[in-house]
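The exercises below are meant for a reader who is meeting this structure for the first time. Please work through each task with the sequence and the model at hand before turning to the solution.

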Amino acid sequence: MSLLACYPQISADYLIRGTLPVLNSLEANAKVMVTDEDTLEIPFVPVRFYATFVESYADGYGSSETELFRVRKPVLKGHKQAVVLEISGNSMSPQLAHGAKVLAVPINESDWEYQSGGVYAVMYRDYFVVKRIRDNELITRKYLTLHSDNPNGGNVTVSLQDIRGMWKIVTIVEAPVE
């Protein structure tokens, strides 16, 4: 097997004649093909729009009022009404760093009492937070306890009557390196 067949990124001119550059151009070795057919644009809620999102949620916050974020179709995996949320702060680090973008799917109100063990975005009163649900007492005591992954983040107990919406965080779409 020839050396060029094993290492196609190395320039034949360099091996034979010693002519620079050593490596072939990227165009010679790879073809990047991302098409609109491979992605979908879904609603994006950046940190700066959390307050607007909370205020307008009861009025039927529509996708025409928000920014859009392009997500690869395989990431969506058939999730309906998905949104991309930007993480604010470090209460969920190290898994979710500040600025990370996550895919979230809405949870039907009748299913809130069965959610536990995962990471959720919860809208309550005038707050919109991303936390882990460990203690779901909605059926018995009518409250939910939301926990931070970061020990310095603490936890919060929310009454059922204060909860306005809930989304399950299903995957990280984009994240900075910590």
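**Exercise 1. A turn residue**

Is R125 buried, exposed or partly exposed?

*Solution.* The model is a predicted one, and each step here is read from its atoms. Begin with the location: R125 is found in the loop between β5 and β6. Because its relative accessibility is 41%, R125 counts as partly exposed. Finally look at the backbone, where R125 has a positive phi of about 45° although it is not a glycine. As background, most residues other than glycine have a negative phi. A second case of this kind is K142, in the loop between β6 and β7 (143-147), with a positive phi of about 65° and a relative accessible area of 46%, so that K142 is partly exposed too.

**Exercise 2. The surroundings of β5**

Find out how many residues of strand β5 are buried, and then identify the strands to which β5 is joined by bridges.

*Solution.* First count along residues 119-124: 6 of the 6 residues are buried, so strand β5 is largely enclosed by the rest of the structure. Second, consider the two faces, remembering that in a regular strand the side chains alternate between the two faces of the sheet. In β5, V119, A121 and M123 lie on one side and Y120, V122 and Y124 on the other, and both faces are covered. Third, follow the bridges: 6 of them join β5 to the antiparallel strand β6 (residues 127-137), where V129 is the bridge partner of V122, and 5 join β5 to β9 (residues 163-174), again antiparallel, with Y124 standing opposite I163. β5 and β6 form a hairpin, with 2 residues between them.

**Exercise 3. Aromatic pairs**

Classify the ring pairs F44 with F69 and F128 with W167 as stacked, tilted or edge-to-face.

*Solution.* A pair of aromatic rings is described by the distance of the centres and the angle of the planes. The structure has 3 aromatic pairs by the rule used here. In one of them, the ring centres of F44 and F69 are 5.3 Å apart and the planes stand at 45°, so the pair is tilted. Since F44 lies in strand β1 (residues 39-45) and F69 in strand β2 (residues 67-72), this pair ties together parts that are 25 residues apart in sequence. Both F44 and F69 are buried. The pair of F128 and W167 has its centres 5.6 Å apart and an angle of 80° between the planes, and is edge-to-face. With F128 in strand β6 and W167 in strand β9, the pair therefore ties together parts that are 39 residues apart in sequence.

**Exercise 4. A buried polar residue and the cores**

*Solution.* The side chains of Q115 and Y120 are joined by a polar contact of 2.9 Å. Turning to the largest nonpolar core, of 18 residues, the members touching the most others include A121, F128 and W167. The strand that gives the most to this core is β5, with 3 residues. Apart from this core lies another, of 13 residues, among them Y120, V122, Y124 and M166.

Conventions
Residues numbered from 1 in each chain as written. Predicted model: local features only at pLDDT ≥ 70, side-chain atom pairs only at ≥ 80, totals over all residues. Heavy atoms only, no water. Buried < 20%, exposed > 50% of the residue type's maximum accessible area, 1.4 Å probe, protein only. Helix = DSSP H or I, 4+ residues; strand = E, 2+ residues; numbered from the N terminus. Pairing = 2+ DSSP bridges. Phe/Tyr/Trp six-rings, centres within 6.5 Å; stacked < 30°, edge-to-face > 60°. Polar contact = N/O pair within 3.5 Å; in protein donor to acceptor, adjacent residues only side chain to side chain. Core = buried A, V, L, I, M, F, W, Y, C linked by side-chain atoms within 4.5 Å.
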